[in-house]
Amino acid sequence: MPVVNDDLLDPEIVQNPAPYYRLLREHHPCHWNERWRGWVLTRYEDVYNALHSSQMLADRITPYFQTRLSEEERKHFALTYEVLHSFVVFRDPPDHTHLRRIFARSFMPKSIAAMRDVVAAYVKDFFDEWEGRDTVDLNRDFAYPFPANVIASIIGAPREDVHRFHAWADALTTLLLAGVGEDQRMDRAQNALIEFKAYLAGLYDERLKTPRNDMMSWLMEVQRGDPTLTRDDVLHSCILLVNAGHETTQDLICNTLTTLLKMPEQLELLRSNPAHMRTAIDEGLRFNGPLKGTMRVAGADMTIADEQVREGDRILLLMGAANRDPAKFNDPETFDVTRSPNPHLSFSHGIHFCLGAPLARMEMEIAFNEMLKRFPRMHLMSEIKWDPRILGRSIEPPINLRLG
Amino acid sequence: MAERRLVRVEVDANLCVGSGMCVNFNPDLFRIQPDGHAAYVGESPDEHAALDAAELCPVSAINLIYEE
């Protein structure tokens, strides 16, 4: 049986994970990765069951702080712990249930649809600016600033402050999505959290006097009716929203468009049949979704694919591998804009299913329809190089496009 | 317009992602099944609660079926 490479950041695996995923799925469906010090699941069924299991805990923050940090470090990073631990993505029921209810009404499809005009106006602004240019950087000139502007508008931050979100979100993403080669990432994240929270506290205080029609005000409204919700809960929730609504959408735009640009017949099929846009977006999510994986902690001893997993063990769920499992998808290595049904796991599944999914789908749909219509001859000038990340899947900038 | 009668509340298993939002707000009417999908388990169709759940569902998987 072939030996498994336990270096998840091996350049070969980062650049082309499919063969590695296949090896794990076929021969080591529940693999102990000695280097990462945890189990790795790759089959659709196992990843799906793990995402739906109440025995798989989402709080990986508490064990990390308890076992990896010294008492002195724990004291030093107390604020980071406090903020991260209040993120709904890192909580388990019953706290998760409570926190998620707070967001439910602001993120339901109907509420998101009400933001359609705001999103469409941003898209138009960016592409107006593209007109008349020969080349653009997809990332710098659209994919990064567009979702950042949208999420800032939704929260209620003025547009001129959006650039400040970038450094904060970037510092936090580096910490959470296991960026490499950065010793100072915890310090950098904590400093960003301090600044970010102080900034949001300013918006909060303004809205105490004058509520507006934005998400910060809606969350404050929920807070008024629920004495268990604190000011910190609202501020931390906004930090999570900015972070979650920012880089994931940026990556989804870049990954999906570059995949399409390498398959001219699929791109043409989509351009001539915009009715396929919905399935095309889901196929982009399945094929090169912004997150290759997510992490859980075993809440009890259990057996997975004949392996004995112990309570407290770390488990890496590779949605990227599950999304290409031939046991679930026909012809999984083929990108097909018409694929339906497409039960990919890129938005997660179960109680942690992406709250922002309706927003991400709408941003993608408006942006891609407009882009394909206005720049029919656009093509890729840069070579695609994927960033070395364990959980995230993003392309190194720049991503240069020739428009003419 | 004549009042239409709600006959059934359905959860589309192809769309449902088991987010549990319907269960979260209406634990007596919706329940997560062993396969991970939600189902309507109320004894009779509760139109008000079902409409609310349908709106809250992040993937719009809940359908209200009215009498023809």
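Me: Which classes do the residues in the lining of the second largest pocket fall into?

Reply: In this predicted model, the lining of the second largest pocket divides into 19 nonpolar, 11 polar and 9 charged residues.

Me: What volume does the second largest pocket have, and which residues are the closest to its centre?

Reply: The volume of the second largest pocket is about 1100 Å³. Of the 39 residues lining this pocket, those closest to its centre are Asp282(A), Arg361(A), Asn14(B), Leu15(B) and Val59(B). The elements that each give two or more residues to the lining are α3 (44-52), α8 (109-113), α18 (277-288) and α20 (357-374), which belong to chain A.

Me: How should I read the area buried between chain B and chain A?

Reply: The size of an interface is often given as the accessible area that is lost when the parts come together. Here the area buried between chain B and chain A is about 1500 Å², and carbon and sulfur atoms give 56% of that area. Within what chain B buries against chain A, Val17(B), Asn24(B) and Glu55(B) supply 34%, more than any other three residues. The contact itself takes 17 residues from chain B and 15 residues from chain A.

Me: How many salt bridges does the rule find across the interface of chain B and chain A, and how many residue pairs are in polar contact?

Reply: The rule finds 2 salt bridges across this interface; one of the salt bridges there joins the side chains of Asp52(B) and Arg105(A), with an N to O distance of 3.0 Å. The count of residue pairs in polar contact between chain B and chain A is 8, with both residues of each pair at pLDDT 80 or more. On the side of chain B that touches chain A, α1 (21-25) and α2 (47-56) of chain B each supply at least two residues, and by class that side has 8 nonpolar, 6 polar and 3 charged residues.

Notes. Residues are numbered from 1 along each chain as its sequence is written. Chains are lettered from A and ligands numbered from 1 in the order in which they are written. This is a predicted model: local features need pLDDT of at least 70, side-chain atom pairs count only at pLDDT 80 or more; totals for chains, interfaces and linings use all residues. Side-chain values use heavy atoms; hydrogens and water are left out. On a 1 Å grid over the protein atoms alone, a cavity is a set of points where a 1.4 Å probe fits but cannot get out, and a pocket is an open set with protein on both sides within 12 Å along at least five of seven lines; lining residues have an atom within 4 Å of a point. Grid points are joined across faces, edges and corners, and a volume is the space filled by probe spheres set on the points. Helices (H or I, at least four residues) and strands (E, at least two) are DSSP runs, numbered from the N terminus. Ala, Val, Leu, Ile, Met, Phe, Trp, Tyr, Cys and Pro count as nonpolar, Asp, Glu, Lys and Arg as charged, and the others, Gly among them, as polar. Contact means heavy atoms within 4.5 Å. Buried area is the accessible area (1.4 Å probe) that two parts lose on being put together, summed over both. A salt bridge is a side-chain nitrogen of Lys or Arg within 4 Å of a carboxyl oxygen of Asp or Glu. A polar contact is a pair of N or O atoms within 3.5 Å; within protein, one must be able to donate a hydrogen and the other to accept it, and residues adjacent in sequence count only if both atoms are side-chain atoms.
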